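Dear colleague,

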Amino acid sequence: MSSPRTDTISVQPGLGATSVRDRLRAVPTGVRVAVVRTPELTIAAFGVVVAAAFAWVPSLWYDEAATVTSARRTWPELWAELHSVDAVHGFYYALMHVWFWLVGYTPFTLRFPSALAIGVAAGLVVALGRRLGGRRLGIVAGLVFIALPRVQWAGTEGRSYATITTLAVCLTLVGMTAVRRTRTGRSLHWWVAYGVLAVVAVVLNVYLALAVAAHGVSFLWTMWADRRARTARPLVPGGALLRWAIVSAVVLVAVAPFVAEVVSQSKQVGWLGPIGPRTFPQVFSTAWFGGVELYAAVAWALMVLGSATALVAAHRSSATVRSLFRAQAVRVALPLVVLPTLALLLATAMGKHLYTPKYASLSLPFVALLIALGLTLVRRRAALAAVLAGALLLSVPTAVTVKLPRAKQDSTWAVAASIISSERSAHHDRDEGVVFGSVYGHPGATADIIRVSYPAAFAGMTDLGVRKDGAASGVLWNQTGDLESNIPNRLADIDTVWFVGGTVKARNIQPETARILAQHGFTAAEHWKTGTVVLTEYVRR
């Protein structure tokens, strides 16, 4: 797991304080700032800015609304919810609850933690690349990571996928450090840190257990390579493998109750399908490359070229130090790219439908590292810069697309909320109610999901149809009940009623709502349709 040791390499003695100052004075001011700042921090900051820019523009969608409704509940309400649904996301919801308590909720504050996580992950990818293959590999890997279409998507998504990538690369770096320290006999605290971080990672997202398993594969592969090369000082001593096995067993025991609860709620992923014609395109282009086939083809070619070249070069009798480092980068990254997807596909093939492209997010840092191995085969600095620029340009269309208003499942909820806000602002003195109908594409929720996402637009309205409050009953969404009794009993002095629903004919309750309102003197005044959302304003005659 750790980078190769080379006892024959001479290391230049460290510079004294005076020498450092003299050299810095000789550097122009503009360049001096760049020298002082490390690549990790610079690329991390760049990643945050790229991910956060215009993150407030896309309309929210179903998954993000689940984060909002869960994270804004009280602690007892959230605890009750997790006993019936979404335990797999419970830790993330708890973190977002604290975040909203600190800064409040808006679409931007929902997504900013993901942008921040992408920046941190990018910095860690640079650190990983530097450790495994030098400064150039690290910088290229960090930039490639930020540009990956799926990373661009994760950075503007109010879910845990960006944080998953951060924990995956962080756990790998801690594991590498623990292995290196095992040689000196002072590794206990690093293995403890690895175990604690692994527990946190699995509780945040259970699929991160696959990263721990992939580390074991990396250990075994590196040990086999050391024995084949008859290395005097192996990269992974036997004691490291034993420590990893012990820590992994302890982690497994610690997270077992949590995993059992998640498994008991497996009906949540009942919508996932079996292996089929769409599976290969999902693996090839969607999971990491946002469905952009040209980008995917170039990326796969670079990954294969970089991995194969590194492994072949390391097995030559005259292998250079650079080739040994690059081969070790493959041994670390490749299992983390292949094993998670392979495990989910095998489980799906055996009837446990677990694969969907977004669940492969933990592999994104290591996909970037393998792509960087291919790019850095170009040795000349100017040529590498040109090749890297060309590769980054391929990501520009996706980077723009994920920031468009309808980027998320073609959602137009923000438009619907703005229509309601605009109309209400012109009539401040009205008593208003709302009836939420079905919502397109989600059988378990009503259009109340739009109110959850944009609460300011609905502030002060009376829900005339709600039967079951989701927060009070420990489920995700409110449920609409018997309109014949609920609406008349709640009208009171209300003089305006909004109907908010979706274009779902099979579950369309708008005709029934209109009939009941007409019996109490209401007529339709205005009607709007935006995307799959329909809005009707009824006023009392």
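A crossing of two helices is called left-handed if the near helix is turned anticlockwise from the far one by less than a right angle, and right-handed if clockwise. Helices (H or I, at least four residues) and strands (E, at least two) are DSSP runs, numbered from the N terminus. The model is predicted, so that local features need pLDDT of at least 70 and side-chain atom pairs count only at pLDDT 80 or more, while totals for chains, interfaces and linings use all residues. Residues are numbered from 1 along each chain as its sequence is written, and side-chain values use heavy atoms, with hydrogens and water left out.

Overall description

The protein has 24 helices and 7 strands. Its C-alpha trace spans about 90 × 55 × 45 Å along the principal axes. Of its 541 residues, 50% count as buried (under 20% relative accessible area, with exposed over 50% and partly exposed in between; 1.4 Å probe, protein chains only). The protein exposes about 24,500 Å², and carbon and sulfur atoms supply 65% of that area. Among contacts (heavy atoms within 4.5 Å) in the protein with a separation of 6 or more, 77% are accounted for by residues 24 or more positions apart.

Helices H8 and H18

Two packed helices are described by the angle between their axes and the distance between the axes. Helix H8 (residues 135-147) packs against helix H18 (residues 381-393) at an angle of about 15°, with the axes 10 Å apart. Axes here are lines fitted to C-alpha atoms, for helices over the stretch in contact, and angles run from 0 to 180 degrees between N-to-C directions. H8 and H18 are therefore roughly parallel to each other (angles under 35 degrees; over 145 is roughly antiparallel, 65 to 115 roughly perpendicular and the rest oblique). The crossing in which H8 passes H18 is right-handed. On the H8 side the contact is made by Arg136, Val140, Leu143, Val144 and Ala147, and on the H18 side by Arg381, Leu384, Leu388 and Leu392. By class, this contact of H8 with H18 comprises 7 nonpolar, no polar and 2 charged residues (Ala, Val, Leu, Ile, Met, Phe, Trp, Tyr, Cys and Pro count as nonpolar, Asp, Glu, Lys and Arg as charged, and the others, Gly among them, as polar).

Helices H23 and H24

Helix H23 (residues 483-491) and helix H24 (residues 510-519) pack at about 45°, and their axes are 10 Å apart. That angle makes H23 oblique to H24. H23 passes H24 in a right-handed crossing. The contact involves Leu483, Glu484, Ile487, Pro488 and Leu491 of H23, together with Glu512, Thr513, Arg515, Ile516 and Leu517 of H24. By class, the contact of H23 with H24 has 6 nonpolar, 1 polar and 3 charged residues.

Individual residues

Leu491, in helix H23, is buried, with a relative accessible area of 3%. Leaving aside neighbours within four places in sequence, Leu491 is in contact with Leu464, Val497, Leu517, His520, Phe522 and Arg540. Its C-alpha atom is separated by 9.6 Å from that of Asp431, 60 residues apart along the chain.

Ser438 lies in the loop between strand E1 (432-436) and helix H21 (448-453). At 7% relative accessibility, Ser438 counts as buried. Beyond four places in sequence, the contacts of Ser438 include Gly501, Gly502 and Arg507.

Thr401, in helix H19 (residues 396-401), is partly exposed at 44% relative accessible area.

Yours sincerely

Definitions and conventions
Areas by Shrake-Rupley, 256 points an atom, 1.4 Å probe, with all protein chains shown as cover.
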